[in-house]
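Colleague: I have a few questions on this fold. Can you take me through it?
Modeller: Go ahead.

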Amino acid sequence: MILLYNMSDLQDVTDDIELNENDAQIYLDGLLNLLDPAETRDLQLGISLSGGMDFSVLKDRQFNRVESIVFQHPGQVTELRNIPDGVIYIECANQSISEFDNGPASLEELYMPDNQMKKFSGKQYPKLRILNLSNNQLTHLDNLPSTLKTLECNNNQIRRLSLEKTQQLTRLNA
C-alpha cells in the first residue's frame, strides 16, 4: 500500500501526533526515573514512540554523562530538542523528523535515515565524523564540517551537495 500526502497533509499528521499521541516525552521522563544520573552514559529508547522530545530534562535531572541516544524501534518521533552538549552519538532512524538543526556541537556521529528531513546544515557540528541521512527528502546538504569521513545521503532529492570543506571524506554514498 502506498500513501501519498501533500505538504499540508504531512503537517496535519505531525500536528496530530504531537497533540494526541505524544508519548515520547512521557516515556523519556519515566525512563529517567529508573536510571542513575551518575552512571548513565547511553540512553536506549526501547519502544516505538510518538511526538516531540525535549532533552533539557537530562540537564535538569543531572544526567550530565549521557554520550549516546539511540531509538531502537521505528516510530513517529517528530522533533528532538535541547540535546545537551556532551552527546556524541545519536541514532534516530525510521521516525518523522523533518529537521535537525539544534543538536549539540559535541556530536560526532549522526544516524537519521528514513525520516522526513528536508534540509541539513552541518555548520553547528564541527566534530561530526559520520553522517547518515539516507532515505529522507533532502534537497540541500550544506556547510558539512572538515571532520566528516563518512556521508550516506542516498535516496534523497539532493539538488545541491557542498563538499568543498570535506577533505577527510573517505566514504560517500549519494
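Modeller: To begin with, an open sheet of three strands runs in the order E7-E9-E11, with parallel pairing. Keep in mind that this is a predicted model.

Colleague: Which are the edge strands there?
Modeller: Strand E7 (119-121) and strand E11 (160-161), each of which pairs on one side only.

Colleague: And over how many bridges do E9 and E11 pair?
Modeller: Two, in the parallel sense; E9 covers residues 140-142.

Colleague: Which residue is the bridge partner of Leu141 in E11?
Modeller: Leu161.

Colleague: OK, the other sheet. What is the strand order in the open sheet of seven?
Modeller: E1-E3-E5-E6-E8-E10-E12, and the pairing is parallel.

Colleague: Why is one side of E1 and of E12 left without a neighbour in the sheet?
Modeller: Because E1 and strand E12 (171-173) stand at the edges, and each has a single partner strand.

Colleague: By how many degrees are neighbouring strands of this sheet turned against each other?
Modeller: 5 degrees on average, ignoring direction.

Colleague: How many bridges join E10 to E12?
Modeller: Three, with the two strands running parallel; E10 is residues 150-152. Within that pairing, Thr150 of the chain is opposite Arg171 in E12.

Colleague: Change of topic. How many residues are in the largest nonpolar core?
Modeller: 38. Those with the most contacts inside this core are Met53, Phe55, Phe71, Leu80, Phe100 and Phe120.

Colleague: Which helices and strands each supply at least two residues of this core?
Modeller: On the helix side, H2 (24-34) and H3 (56-60). On the strand side, E1 (42-45), E3 (68-71) and E4 (76-81).

Colleague: And where does the largest share come from?
Modeller: From H2, with four residues.

Colleague: Take Phe71. What does Phe71 touch, not counting residues up to four places away in sequence?
Modeller: Leu45, Leu49, Met53, Phe55, Val77, Leu80, Glu91, Cys92 and Gln95. Of these, Met53, Phe55 and Leu80 are also listed with Phe71 among the residues with the most contacts inside the core.

Colleague: Last one, Ser96. Where does Ser96 lie?
Modeller: In the loop between strand E5 (89-91) and strand E6 (109-111).

Colleague: Is Ser96 buried or exposed?
Modeller: Buried, because its relative accessible area is 9%, and the cut-off for buried is under 20%.

Colleague: What is Ser96 in contact with, leaving aside neighbours within four places in sequence?
Modeller: Gly75, Gln76, Val77, Thr78, Asn115 and Gln116. Val77 is also touched by Phe71.

Definitions and conventions:
Residues are numbered from 1 along each chain as its sequence is written. This is a predicted model: local features need pLDDT of at least 70, side-chain atom pairs count only at pLDDT 80 or more; totals for chains, interfaces and linings use all residues. Side-chain values use heavy atoms; hydrogens and water are left out. A nonpolar core is a set of buried Ala, Val, Leu, Ile, Met, Phe, Trp, Tyr and Cys residues joined through side-chain atoms within 4.5 Å. Buried means under 20% relative accessible area, exposed over 50%, partly exposed in between (1.4 Å probe, protein chains only). Contact means heavy atoms within 4.5 Å. Two strands pair if DSSP finds at least two bridges between them. Axes are lines fitted to C-alpha atoms, for helices over the stretch in contact, and angles run from 0 to 180 degrees between N-to-C directions.
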